[in-house]
Amino acid sequence: MPDYHDDLRLAHVLADAADAATMDRFKALDLKVETKPDMTPVSEADKTAEELIRSNLKRGRPRDAILGEEYGVEGTGPRRWVIDPIDGTKNYVRGVPVWATLISLMEAGEGGFQPVVGVVSAPALGRRWWAAKGAGAYTGRSLTSATRLHASKVSRLQDASFAYSSLTGWEEQGRLDGFMDLTRAVWRTRGYGDFWPYMMVAEGSVDICAEPELSLWDMAATAIIVTEAGGTFTGLDGIPGPHSGNAAASNGLLHDELLGYLNQRY
């Protein structure tokens, strides 16, 4: 199996640079915020962080392609870095500390590009999570100061903690009834939102989570962290990986039940 240690180390360097830029403007009174064509906000910090990551990648990995939320795809080839400079921009612009920079390296393989390295860095929370294919998932302050992650062993839905971002989207897809049934079947529900539920699944503090509509840059890094922690990450269609336009993540033991509820149609 290939060794991705150098790529993972680079991803941490990229995250360090992004953290410095995003924290510098977090809660700034003069932060500039625009509305994109899809009606979602983008701040100057989103753009600065992605520009920083791209410039570092062009120096460190000039042959690799780059896909980012703010500036699209650049380059071609069997290796592609996927970037979400700030996942949780709405939180960021309101001063809520639940946001993160998501960085993933994807490689071409069977079934298309698949994530082989992922880093999720949430500096306002003082947290970082990462994984590399075949090497496990970790959290900590650095590569040398880390704790390995393991998904939970909860095997009954009535004992499970279910996290989600919001109710938006479930009704539009005809999944709201199944979603509500699921909230009644589990032990506990919490709307932590964005990247955080997936990291909690990897840590074992949450057992299942799902979102009805996502982009590749929202999922590439979180997908490999969940799976390397022993969990399962698929689309709502059950297809493994971050390519379905939506996500369901679990400790693996509850995945079929999770999908069953969210695929109900009335």
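Analyst: Let's take the second largest pocket, where β8 supplies the largest share of the lining, 3 residues. Keep in mind that this is a predicted model: local features need pLDDT of at least 70 and side-chain atom pairs count only at pLDDT 80 or more, while totals for chains, interfaces and linings use all residues. Residues are numbered from 1 along each chain as its sequence is written, and side-chain values use heavy atoms, leaving out hydrogens and water.

On a 1 Å grid over the protein atoms alone, a pocket is an open set of points with protein on both sides within 12 Å along at least five of seven lines, whereas in a cavity a 1.4 Å probe fits but cannot get out; lining residues have an atom within 4 Å of a point. Grid points are joined across faces, edges and corners, and a volume is the space filled by probe spheres set on the points. Helices (H or I, at least four residues) and strands (E, at least two) are DSSP runs numbered from the N terminus.

The second largest pocket holds about 200 Å³ of space. It is lined by 16 residues, and those closest to its centre are His-5, Leu-8, Ala-132, Ala-135 and Tyr-138. Two or more lining residues come from each of α1 (5-25), β8 (127-132) and β9 (136-142). By type, the lining has 11 nonpolar, 3 polar and 2 charged residues; here Ala, Val, Leu, Ile, Met, Phe, Trp, Tyr, Cys and Pro are nonpolar, Asp, Glu, Lys and Arg are charged, and the others, Gly among them, are polar.

Now for the sheet that β8 and β9 sit in. It is open, with 8 strands in the order β4-β3-β5-β6-β7-β8-β9-β10 and mixed pairing; two strands pair if DSSP finds at least two bridges between them. Its edges are β4 (72-74) and β10 (145-148), each pairing on one side only. Neighbours in this sheet are turned by 20° against each other on average, direction ignored. Strand β7 (residues 112-122) runs antiparallel to β8, with 6 bridges between them. Ala-122 has Arg-127 of β8 as its bridge partner. Helix α1 packs on this sheet and touches β5, β6 (100-109), β7 and β8, its direction making about 45° with that of β7. Contact means heavy atoms within 4.5 Å. Axes are lines fitted to C-alpha atoms (for helices, over the stretch in contact), and angles run from 0 to 180 degrees between N-to-C directions. Another helix, α6, lies across β3 (65-68), β5, β6, β7, β8 and β9, at about 90° to β7.

The elements giving two or more residues are β5 (79-87), α3 (89-94) and α6 (216-228). This lining splits into 9 nonpolar, 10 polar and 12 charged residues.

There is also an open sheet of 5 strands, ordered β12-β11-β13-β15-β14 with mixed pairing. Its edge strands, β12 (188-190) and β14 (232-234), each pair on one side only. Between β14 and β15 (residues 247-250), which run antiparallel, there are 3 bridges. Phe-233 faces Ala-249 in β15. Helix α4 packs on this sheet, touching β11 (161-164), β12 and β13 (208-211), at about 145° to β11. Helix α6 packs on it too, touching β14 and β15, at about 150° to β14.
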